[in-house]
Amino acid sequence: MNAIVISAVLGVVMMFCGVFTNSKPAVRFVAIIGLLGLLIANVLDMGGYHFFNVNVNGMLAFDIFGLLFNTIAFAATWIYFLLSGRDMERVGVNLAEYFALIFFVLCGIAIVSAFNSLLMLFLGIEIISIPLYILTGSDKRNLKSNEAALKYFLMGAFSTGIMLMGITLLYGAKGSFNMEVIRSGTTTLTPMLAAGLLLLLFAMSFKVSAVPFHFWTPDAYDGAPTVFTSFMATIVKVAGFIAFIRLFEGCFGEVHKQWQLLAAIITAATLFIGNITAVFQQSVKRMLSYSSIAQAGFMLFALVAMNETAKEGLIFYAAAYSLATIGIFAVLLKMKDYTFEGFNGLAKRQPVLAATNTIFLLSLAGIPATAGFWAKFYMLSAAINNGNVMWLVIVGVLCAAVSVYYYFRVIQAMYFKDGEPQEIETSRGFKGLLIVIAAVVVLLGIFPHWLINQLYSFFYL
Amino acid sequence: MILVLMIGILLVGGLTCWLVAQRYPLMGRLIALIAVIIAFLLPVGWYAQYASELTVTGNNWLIDYQVNWIPAFGISFHLAMDGLSFIMILLTFLLGMLSVLCSWNEVREKTGFYFFNLLWTLAGIAGVFVAMDLFLFYFFWEVMLVPMYFLIAIWGDFNRRYAAYKFFIFTQTGGLLMLLAILALYFIHAQQNGGQFTFDYFALLNTTFDNNVTARWIMLGFLIAFVIKLPMVPLHNWLPDAHSEAPTAGSLILAGLLLKTGAYGIIRFVLTLFPEASASIAWWAMLLGVVGIVYGALLAFAQTDLKRLIAYTSVSHMGFVLLGVFAFREIALQGVVMQLLTHGVSTGALFVLAGMLKERLHTRDINQMGGLWTAMPHMGALAMVFVMASLGLPFLGNFIAEFLILMGAFEVSPVLTIIASAGLVLSALYSLRIMQKVFQGQLQTVSEPPKDLSAREWIIMASLTATIIFLGLYPQPVLDTVQGFVAQLARSNL
């Protein structure tokens with residue numbers, strides 16, 4: 001509960017911050033400190049210090065996984081603020097508002113990681129989505145940004161409608177929004193339940209951009225100001241997965257076998273389309289959008305397998321994927337040319353940027369000794385442990401091999417090709433932070449349990 | 001502990017090289033050389049010290065070192081060495097030293113990073129040969145891949161990026177399939193043993209399969225990874241590109257060591273973990289091996305690019321390995337181990353020669369060479385030795401290896417063995433063609449004649465020549481060392 005209240009309050013604080021001061025460093029400072037506070041409050045919540053005792057009437061339920069995920073999402077956002085906060089200034093003048101909107105998104109994330117009632121799910125998803133529509137269109141004078149915002153908004157609204165329809169059907173069948181009520185006694189899928197399940201599956205697939213509901217993603221991510229794409233493609237996306245798995249485990253865990261195949265087909269399609277399309281991209285930013293679809297395919301493994309390994313793996317995946325992608329976007333933001341050629345010869349001019357970026361790309365490709373490898377390892381072992389979907393595992397592995405191609409294209413451009421390197425201004429702190437993140441990625445790749453053990457140790461101090 | 005030290009020194013040496021060579025390139029090279037020499041001396045010294053106490057003839061483990069790494073998954077840092085591993089380790093570091101030496105002058109830019117990659121590849125290869133935890137094995141399998149990719153992609157020839165990509169994606173696909181197979185094995189083992197999750201090789205050896213279909217699928221996962229590396233014929237496609245585009249040391253390591261990891265994997269893991277399943281596909285594997293022998297030889301004969309030619313001879317020679325392994329005869333398996341050694345030395349030497357020629361003539365096209373014997377009699381004579389080794393002349397190591405393999409395989413499948421022997425005739429064709437086109441005939445180069453071998457090149461070639469002649473004249477020590485492992489393997493698979 002700490003996170004939900006404090007993030008909402010921080011959002012309001014940031015809005016007022018914009019009224020009282022025009023100093024950009026001050027606004028950024030407030031945001032960074034505020035987020036740090038939020039992170040600490042959430043960690044304390046894990047340890048049993050609840051600041052707010054609100055009677056939620058069973059609408060929300062705070063469990064380990066939800067709180068753990070919040071911690072990771074907030075920490076990732078904090079790193080994102082540190083790395084890319086300065087770049088937000090280039091988007092427009094309303095710096096404080098951007099931070100405020102991001103805090104509202106975090107509030108939504110805290111809700112979707114803890115909902116126990118379908119109404120709260122709907123509320124959480126909407127709280128996440130609406131600020132994102134605005135952030136996507138925040139580059140007001142750029143037509144592409146406007147187009148992306150409109151597209152994102154229409155698609156998002158449409159999928160929200162589908163989701164509401166699904167919730168309604170479930171309510172009709174079971175007479176409650178509460179997930180426990182829906183779950184209990186659901187041993188077979190009646191037509192009404194099945195319809196509700198399908199609609200929810202489609203709606204959530206929209207939100208996490210699973211194929212064939214992914215068409216909005218590349219355009220929205222490409223059109224949005226890059227600094228916000230970074231946020232959307234990482235933290236928001238994995239939050240969608242937490243909601244997805246929470247919803248389906250909570251409501252339909254008992255009938256898992258009956259929709260597993262459908263989920264597996266969506267997963268396979270997501271992996272296939274995401275990876276194959278990413279191969280043909282010419283812009284790194286667009287490649288990263290498709291790569292986010294491809295990575296979503298791997299995160300969907302958690303939904304297909306749905307066991308403890310998978311849930312733990314999803315948390316790990318969230319951390320590994322977010323760290324690496326935020327790092328790459330932070331470098332990308334400093335570039336003026338987003339094509340692969342733009343990266344030519346980066347290693348000569350900016351060895352630190354190139355080296356850290358290489359580690360992030362290796363992590364995304366899932367090469368051992370990086371965090372990304374363990375993320376994939378968790379997912380694959382969860383699916384193999386489940387045992388029903390071996391074909392999906394093989395598809396996943398082959399797609400992971402394809403992904404090497406487009407991630408390595410960036411590495412090749414940076415190291416093996418000569419080009420006119422762009423002028424890039426970076427501060428010492430920026431480079432230092434990138435090195436720290438890269439070190440964390442490698443450390444997690446060698447001692448994967450370190451992070452999770454550390455976080456677990458906070459529970460009930 | 002010595003095994004950890006051996007790998008650790010390469011990893012640390014690589015890093016120091018990288019850091020030091022930015023200022024002092026020569027120091028970087030020296031550090032690299034010293035690191036590999038120490039890594040070579042460690043197992044040799046250890047062996048010399050304990051040789052009298054050891055009985056290598058039995059199937060016992062000479063060194064065993066185990067610490068926990070990630071206990072939650074049952075992953076341990078488990079290194080162990082038996083006779084087979086010992087032989088492979090020796091080969092690794094012998095070729096490792098030579099690869100440092102032969103890139104002494106060839107590499108002019110980014111020296112530090114080059115030697116970093118070289119040493120890390122060697123560390124990965126050494127790790128593969130001693131890792132007894134399947135997860136750790138996979139880990140090393142990948143560790144050798146990424147630096148090798150950089151070696152090809154940065155210091156390779158004209159078409160290097162394409163070759164590096166192809167190499168990486170082929171092996172990565174295989175590696176991931178192997179990872180799946182490892183995971184499947186891991187879960188099956190855990191189910192049988194009441195949830196005791198472990199990746200340990202010795203524990204997994206006890207896994208039994210209730211049906212053959214599962215066993216066969218898991219076995220195929222391993223086998224595909226290994227035969228891609230080996231390479232077996234329909235999956236050999238990456239090899240000519242990678243070998244011909246890589247820098248000399250890269251080709252040496254690729255041909256001499258990386259291919260051997262595939263063969264080692266089959267012998268160590270596929271045959272022992274899945275005896276029945278591998279027996280059931282044995283005939284097909286032998287068939288593909290024979291196809292590889294003939295097809296590789298024919299393609300080698302058709303090449304005009306010297307390095308590509310030698311690369312295809314590797315395909316042909318590795319066909320013998322496949323034939324020998326899946327014959328499941330003790331004598332054939334002995335031959336396979338010999339083949340791994342001798343092919344590593346002889347083909348490695350040919351690649352080094354090709355590299356030296358390229359350094360002098362700036363071409364790999366054998367149509368532009370010819371008559372070089374007059375200018376370089378020493379190199380010509382040495383090339384003669386290895387060309388003869390490659391075609392299987394008695395008294396040179398390769399003859400012993402191929403002879404043992406054919407002898408063992410004949411009992412199992414006379415028809416395939418006869419075809420394979422015919423492949424030896426083809427090997428004479430392509431080998432002699434190297435000699436004729438490069439060293440004999442009309443002198444093609446009009447400019448000043450190239451210089452003969454330098455002292456450094458003499459050291460490289462002399463050590464390789466000594467090794468191949470020694471293996472040809474007195475192979476018994478090698479055969480004795482692997483005897484224990486091979487005999488047990490042949491017994492359990494019959």
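Predicted model: local features only at pLDDT ≥ 70, side-chain atom pairs only at ≥ 80, totals over all residues.

Reader: Phi next. What is phi for Asn57(A)?

Author: Positive, about 55 degrees, and Asn57(A) is not a glycine. Most residues other than glycine have a negative phi.

Reader: Where does Asn57(A) lie? And is Asn57(A) buried or exposed?

Author: Asn57(A) lies in the loop between α2 (24-46) and α3 (64-84) of chain A. Asn57(A) has 9 C-beta neighbours inside 10 Å, so it counts as exposed. The cut-off for exposed is 12 or fewer.

Reader: What about phi of Met306(A)?

Author: Phi of Met306(A) is near 50 degrees, again a positive value in a residue other than glycine. Met306(A) is in the loop between α12 (284-305) and α13 (308-334) of chain A.

Reader: Is Met306(A) buried or exposed?

Author: Buried. Met306(A) has 21 other C-beta atoms within 10 Å, and burial takes 20 or more.

Reader: Switching to helices. How does the span of α15 of chain B check out?

Author: Helix α15 of chain B covers residues 330-361, which is 32 residues. At 1.5 Å a residue it should span 46 Å. Its end C-alpha atoms are 46 Å apart, so the two agree.

Reader: How many residues of α15(B) are buried?

Author: 27 of the 32. So α15(B) is largely enclosed by the rest of the structure.

Reader: What follows α15(B)?

Author: His362(B) does, and its phi is positive, near 60 degrees.

Reader: Zoom out. How many helices and strands in chain A?

Author: Chain A has 19 helices and zero strands. Its C-alpha trace spans about 65 × 55 × 45 Å along the principal axes.

Reader: What is the radius of gyration of chain A?

Author: 21 Å. A compact globule of 461 residues would have one near 23 Å, so chain A agrees with that. Of those 461 residues, 58% count as buried.

Reader: Now chain B. How many helices and strands?

Author: There are 21 helices and two strands in chain B. The radius of gyration of chain B is 22 Å, close to the 23 Å that the globule rule gives for 494 residues, so chain B is as compact as a globular protein of that length. Of its residues, 59% count as buried.

Reader: Last topic, the contact. How many residues from each chain?

Author: 19 residues come from chain B and 20 residues from chain A.

Reader: Which element gives the most on the chain B side?

Author: α7(B), with twelve residues. The elements giving two or more residues to that side are α5 (134-143), α6 (145-155) and α7 (160-192) of chain B.

Reader: And what is that side by class?

Author: The side of chain B that touches chain A has 15 nonpolar, two polar and two charged residues.

Note on methods. Residues numbered from 1 in each chain as written. Chains lettered and ligands numbered in written order. Contact = placed C-beta atoms within 7 Å. Helix = DSSP H or I, 4+ residues; strand = E, 2+ residues; numbered from the N terminus. Nonpolar A, V, L, I, M, F, W, Y, C, P; charged D, E, K, R; others polar. Rg over C-alpha atoms; globule rule 2.2 N^0.38 Å. Expected span 1.5 Å × (residues − 1).
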